[in-house]
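I opened this entry to keep track of what I looked up, one topic at a time. The notes follow the order in which I checked things.

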Amino acid sequence: MTVLYIGNHTSSSKGYAAMARQIIKNGGNTFAFSQEIPVEVKQKPLMKQIFRIFLYLHRKIIFGKIVAHAPYTLNACAAKEELRTFARETFADDLRRMEYTPGNYYNFHPGSHVGQGSEIGIQKIAEILNDVLTEEQTTTVLLETMSGKGTEVGRNFEELRKILNLVEKKSKMGICLDTCHVWDGGYDIVHDLDGVLND
């Protein structure tokens, strides 16, 4: 039997256990959230206890995998080195925290090449992924499909494939198919969904 996991994006401001309780109240069995640093995580003595409560709720309701979304300010292919350093450090820190809730997803916008060209952007994104992914991690990192506005990388399936081809730890990677973005990017998921999925 196929189980359909459905949920919504929820606020992480009150912490992981609160997110799980809110989704249970909504009738969902999964959720997405922005990977911010809740107050509870800054209070280290409480950290493991809070995650234990979340994991208990996660098992009790038979949740699907949850999806943490990287900060929107993260640009792995920025032209300025300090912005790429911020992206690398944020990425690494987020992935370390994701291991408190093992086996879930971390989703991110590939970034904007800001005039360097998509090929250079693709190389820079893969470079950061190769820096931060580890053999030990249980989190799957998802490249999100983008609509191609401005200098966004990931505007089509071919660009995402090029990034994946350059990543060394391919088993740690996946794709998040954002239907709004692919539609806005020119893929006709209304009249030719099968064709798009075949692509």
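Predicted model: local features only at pLDDT ≥ 70, side-chain atom pairs only at ≥ 80, totals over all residues.

**Largest pocket**

I noted a volume of about 380 Å³ for the largest pocket. I then sorted its lining by class and got 10 nonpolar, 8 polar and 3 charged residues.

**Sheet**

I turned to the strands and looked up their order. An open sheet is formed by 6 strands, in the order β1-β2-β3-β4-β5-β6, with parallel pairing. Why is one side of β1 and of β6 (173-176) left without a neighbour in the sheet? Both stand at the edges and have a single partner strand each, so there is no neighbour on one side. On average, neighbouring strands of this sheet are turned by 25 degrees against each other, with direction ignored.

I looked at one pair in detail. β4 and β5 are joined in the parallel sense over 4 bridges. In β5, leucine 142 is the residue that stands opposite asparagine 107.

**Helices on the sheet**

I checked which strands helix α4 (residues 81-98) touches as it packs on the sheet, and noted β3, β4 and β5. The direction of α4 makes about 155 degrees with that of β4. I also looked up helix α6 (residues 157-166), which lies across β5 and β6. I wrote down about 150 degrees for the angle at which α6 runs to β5.

**Cavity**

How many cavities of 30 Å³ or more does a search of the whole structure find? The search finds 1. I noted about 40 Å³ of space in the largest cavity. Its lining consists of His69, Ala70, Pro71, Tyr72, Leu74, Phe108 and His109. By class I got 5 nonpolar and 2 polar residues for this cavity lining, with no charged residues.

**Isoleucine 61**

Last, I picked a single residue. Isoleucine 61 lies in helix α3 (residues 44-61). I asked what its relative accessible area is. Setting aside neighbours within four places in sequence, I found isoleucine 61 in contact with Ile24 and Gly28. I also looked up the separation of isoleucine 61 from leucine 129: 68 residues in sequence, and 33 Å in space from C-alpha to C-alpha.

Key:
Residues numbered from 1 in each chain as written. Heavy atoms only, no water. 1 Å grid on protein atoms, 1.4 Å probe; cavity = no way out; pocket = protein on both sides within 12 Å on 5 of 7 lines; lining within 4 Å. Points joined across faces, edges and corners; volume = space filled by probe spheres on them. Nonpolar A, V, L, I, M, F, W, Y, C, P; charged D, E, K, R; others polar. Pairing = 2+ DSSP bridges. Helix = DSSP H or I, 4+ residues; strand = E, 2+ residues; numbered from the N terminus. Axes fitted to C-alpha atoms, helices over the stretch in contact; angles between N-to-C directions. Contact = heavy atoms within 4.5 Å. Buried < 20%, exposed > 50% of the residue type's maximum accessible area, 1.4 Å probe, protein only.
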